[in-house]
Amino acid sequence: MADDEQLRAALVEDLDAGFEAVVRTHGDVVHAVARRTAERAADAEDLAAEAFLRAYRALRGYDHDRIARLDLRPWLLTILLNTARNDRRDAARRPRTDGAADPPDRASPAPGPAERAETTDLGDRLAALLATLPVAQRTAVVLRHVVDLPVAEVAAVLACSEGTARSHAARGLAALRTRLTSTEDTS
Amino acid sequence: MTDPVLAALRDLAEPAPTSLAERVVDGWLRVPGPLGEVYAVVGDRGVRLLRPAAFAGELDAFLEDYRTRHGRPVRPAPRAPRGLLPALRGRGEGPALDLGDLTPFAREVLAVTARIPVGQTRPYGWVAREAGRPKAVRAVGTVLARNPVPLLVPCHRVVRGDGDLGQYLSGRADKVALLEREGVEVAHLEALAAAGTRLVGSDTTGVVCFPTCHHARRITAAHRHGFPSLERARDAGYRPCRDCRP
């Protein structure tokens with residue numbers, strides 16, 4: 001797997017070949033964050049693909065110096081989160097007409113967050129509870145604890161100080177622990 | 001001891017499907033076509049673009065144009081998609097196509113055009129009617145002039161309402177050559193058009209067809225009658241063919 005320095009050199013050498021290497025190297029982390037940002041599992045790959053295409057379009061306008069300075073992973077994740085935010089705004093403005101408005105994730109009606117939080121699998125419950133956190137806390141928890149980014153990168157993606165990033169992640173994690181206990185009590 | 005909540009959170013990081021890179025990066029090919037080499041760009045859902053090399057120019061310029069217009073990266077494809085090479089030799093169902101960037105009307109126009117049989121032609125107005133918008137004749141012409149996948153969607157089989165062959169993406173000479181390869185007697189069609197004949201009927205069956213319909217081509221000279229319009233054929237007691245639907 002290529003490191004970022006090699007990837008930046010590859011992008012300068014041949015943008016398209018280099019970009020394919022970028023997708024192969026950072027695809028997992030971008031997809032994992034997309035999976036925790038998109039409402040439906042089926043949308044996660046679309047969202048990740050769209051974010052990568054936006055990144056490619058941006059790179060076509062960058063000169064070599066700018067590419068040489070790029071911190072690829074936080075840059076890609078920032079594009080991903082902006083893409084997700086734009087998609088949500090667009091979806092709110094115009095209802096979907098492609099028949100995908102209802103979650104066809106599973107054959108049976110998908111359980112809501114509350115019901116999913118009551119399932120016994122810890123991972124399923126956490127995934128459901130994550131969706132109930134305020135956006136900044138959720139994003140910080142996903143970046144810090146799901147995809148295991150260093151605090152400096154979490155701060156770069158959230159465009160805040162490392163202290164604030166750490167605090168968002170800690171408060172989000174604490175809220176998850178509290179809500180886990182309360183759903184255990186009520187079941 | 002590891003924290004079970006932190007461990008469970010890390011387990012939520014499912015790896016990306018292996019298809020993600022294929023979703024994002026398209027592949028290009030240079031393959032033989034009926035009138036010389038063609039360039040094709042293929043995405044994970046199918047062929048996105050096809051152009052005769054002689055028309056598109058240098059490969060590098062073609063690829064750079066693709067990247068600019070579509071904003072998508074493109075690399076050499078590892079292999080041709082299933083069905084592409086046979087389709088370019090005139091055989092088989094053809095490869096999957098990715099026409100997702102087009103409008104619903106444009107996709108319908110191409111779907112109708114794709115159903116015109118080999119060796120037959122249909123007017124633009126017929127395509128408009130079959131696509132559900134009989135008045136959108138000019139719009140059909142625009143869609144076909146921009147057909148992203150000529151040869152695979154045979155826009156060369158769509159001709160003008162007056163019988164003239166009309167224009168083609170890579171020039172009229174290519175349109176003539178493609179139709180002649182499929183067995184269309186272009187000189188005969190042009191003679192009919194010059195004589196004002198749009199449809200051909202048989203007085204034994206009382207059915208009227210487009211001149212290239214396989215039923216029309218079986219009519220013997222003694223029983224063949226030309227008509228300038230469907231109205232005139234109907235007035236003479238003919239009904240339209242159910243296959244070519246004039």
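**Where the chains meet**

Reply: Happy to. At the meeting of the two chains, 34 residues of chain A are in contact with 30 residues of chain B. Please keep in mind that this is a predicted model.

Me: What makes a residue count as being in contact here?

Reply: The cut-off is heavy atoms within 4.5 Å. One place to look is where A:Tyr56, A:Arg57 and A:Arg60 of α3(A) meet B:Glu64, B:Arg67, B:Thr68 and B:His70 of α4(B). By class, that contact consists of four charged residues, two polar ones and one nonpolar.

Me: How do α3(A) and α4(B) lie against each other, by angle and axes?

Reply: Helix α3 (residues 41-60) of chain A and helix α4 (residues 59-70) of chain B pack at about 115 degrees, and their axes are 10 Å apart. The crossing of α3(A) with α4(B) is left-handed.

Me: How much area do chain A and chain B bury between them?

Reply: About 2800 Å² is buried between chain A and chain B, with 62% of it on carbon and sulfur atoms. Of the area that chain A buries against chain B, A:Asp16, A:Glu45 and A:Arg60 supply 19%, more than any other three residues.

Me: Why is the pair A:Arg60 and B:Glu64 called a salt bridge?

Reply: The rule asks for a side-chain nitrogen of Lys or Arg within 4 Å of a carboxyl oxygen of Asp or Glu. The side chains of A:Arg60 and B:Glu64 meet at 2.9 Å, N to O, so the pair qualifies.

**Inside chain A**

Me: What makes A:Glu153 and A:Arg73 a link between distant parts of the chain?

Reply: Their side chains meet in a salt bridge of 2.8 Å, N to O. A:Glu153 is in helix α9 (residues 151-158) of chain A and A:Arg73 is in helix α5 (residues 72-93) of chain A, 80 residues apart, and that is how the pair links distant parts.

**The sheets of chain B**

Me: How do you know that β1 and β2 of chain B pair?

Reply: Pairing needs at least two bridges between the strands. Seven bridges join β1 (residues 26-33) to β2 (residues 36-43) of chain B, so these antiparallel strands pair. As an example, B:Trp28 stands opposite B:Val41 in β2(B).

Me: Why are β3 and β4 of chain B called edge strands?

Reply: The open sheet has the order β3-β2-β1-β4 in chain B, with mixed pairing. β3 (46-52) and β4 (74-76) each pair on one side only. The twist from one strand to the next averages 35 degrees. α4(B) packs on this sheet and touches β1, β2, β3 and β4 of chain B, with its direction at about 135 degrees to that of β3(B).

Me: Which strands take part in the open sheet with β7 and β8 of chain B, and what joins β7 to β8?

Reply: The order is β9-β7-β8-β10 in chain B, with mixed pairing. Three bridges join β7 (residues 199-202) to β8 (residues 207-209) of chain B, which run antiparallel. Three meets the requirement of at least two, so they pair. Here B:Val200 has B:Cys209 in β8(B) as its bridge partner.

Terms used: Residues are numbered from 1 along each chain as its sequence is written. Chains are lettered from A and ligands numbered from 1 in the order in which they are written. This is a predicted model: local features need pLDDT of at least 70, side-chain atom pairs count only at pLDDT 80 or more; totals for chains, interfaces and linings use all residues. Side-chain values use heavy atoms; hydrogens and water are left out. Axes are lines fitted to C-alpha atoms, for helices over the stretch in contact, and angles run from 0 to 180 degrees between N-to-C directions. Helices (H or I, at least four residues) and strands (E, at least two) are DSSP runs, numbered from the N terminus. A crossing is left-handed if the near helix is turned anticlockwise from the far one by less than a right angle, and right-handed if clockwise. Ala, Val, Leu, Ile, Met, Phe, Trp, Tyr, Cys and Pro count as nonpolar, Asp, Glu, Lys and Arg as charged, and the others, Gly among them, as polar. Buried area is the accessible area (1.4 Å probe) that two parts lose on being put together, summed over both.
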